[in-house]
Amino acid sequence: MSREKLQRVALDGQNYRIAVVAARYNFEKVNALLESTLEALGACGVRDEDVEIFRVPGANEIPPVAATLAQTSDFDAIIALALVMAGETDHNEIITRATATALQTVGIRYDVPVINGILSVRTVEQAEARISGALARGPEFAQAAVETAQLIEQLQKRVVDNDLDGALDDLAWLDEIEDDEPFGDDDWRK
């Protein structure tokens, strides 16, 4: 995970609905990450009543819940929060890679930004630095959710405008019909 911080930009999160799916595994640390994420959503203008929190057992359970939330069309963005710590086996790498791929798939399939806030760390110190220390990621996850939701909303408007322009172009032939012959030649009745 990079040691860089996301550059802050001015955001207006008013009227955006955000779902947060947070794991219960490593509860205290994930809860601290959740709190900093919620605080940052508020700083971006997202109202408390426009944020819904969904708890799941662990990181692996986040993608199917995120997919179901995306299908509801109730949310402008979804934030996934969990902490996966390295142990004696490669299980942490399997979970981290699988959930990252699944969350990207959900976002692409349903046109809803899904922010991957699943921290993958080797030590408790790394976790603490990324949860409440110098590298705190919660505010970055919140900002990414609002900024991406705004961008997707703007792009979707562009898609609709382009589709409308194309549909109107397809009807241009109607302008060529003369008013005195609304159906063209009367031969069609024969």
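Predicted model: local features only at pLDDT ≥ 70, side-chain atom pairs only at ≥ 80, totals over all residues.

Is Gly117 buried or exposed? Its relative accessibility is 0%, and because buried means under 20% relative accessible area, Gly117 counts as buried. Leaving aside residues up to four places away in sequence, Gly117 touches Leu33, Ala80, Leu81, Ala82 and Phe141. Another residue to look for is Glu140, 23 residues apart from Gly117 along the chain, with 9.1 Å between the two C-alpha atoms.

Two of those names lead us onward. Ala80 is among the residues that Gly117 touches, and strand β3 covers residues 77-85. Leu33 is also touched by Gly117, and helix α1 spans residues 27-43.

Now turn to helix α4, residues 124-131. Which residues of α4 are buried? They are Ala127, Arg130 and Ile131. Seen down the axis of α4, these buried residues fall within an arc of 95°, so they line one face of the helix.

On the α1 side, the contact is made by Lys29, Ala32, Leu33 and Ser36; on the α4 side, by Val124, Ala127, Glu128, Arg130 and Ile131. By class, the contact of α1 with α4 has five nonpolar, one polar and three charged residues.

The axes of α2 (residues 62-72) and α3 (residues 91-110) come within 9 Å and cross at roughly 10°. These two helices are therefore roughly parallel to each other. From α2, the contact takes in Ile62, Pro63, Ala66, Ala67, Ala70 and Gln71; from α3, Thr99, Ala102, Leu103, Val106 and Tyr110. The residues of this contact of α2 with α3 divide into nine nonpolar, two polar and no charged.

Most residues other than glycine have a negative phi. Asn15, however, has a positive phi of about 70° although it is not a glycine. Asn15 is found in the segment before β1 (18-23), and with 56% relative accessibility Asn15 counts as exposed. Asn26 also has a positive phi, near 60°. Asn26 is found in the loop between β1 and α1 and is partly exposed, with a relative accessible area of 27%.

Finally, let us step back to the whole chain. How many helices and strands does the protein chain have? Its secondary structure comes to five helices and four strands, and from the N terminus on the elements run β-α-β-α-β-α-β-α-α. Of the 190 residues, 35% count as buried, and Gly117, where we began, counts as buried too. Among the contacts in the chain with a separation of 6 or more, residues 24 or more positions apart account for 82%.

Methods: Residues numbered from 1 in each chain as written. Heavy atoms only, no water. Axes fitted to C-alpha atoms, helices over the stretch in contact; angles between N-to-C directions. Contact = heavy atoms within 4.5 Å. Nonpolar A, V, L, I, M, F, W, Y, C, P; charged D, E, K, R; others polar. Buried < 20%, exposed > 50% of the residue type's maximum accessible area, 1.4 Å probe, protein only. Arc of directions from axis to C-beta. Parallel < 35°, antiparallel > 145°, perpendicular 65-115°, else oblique.
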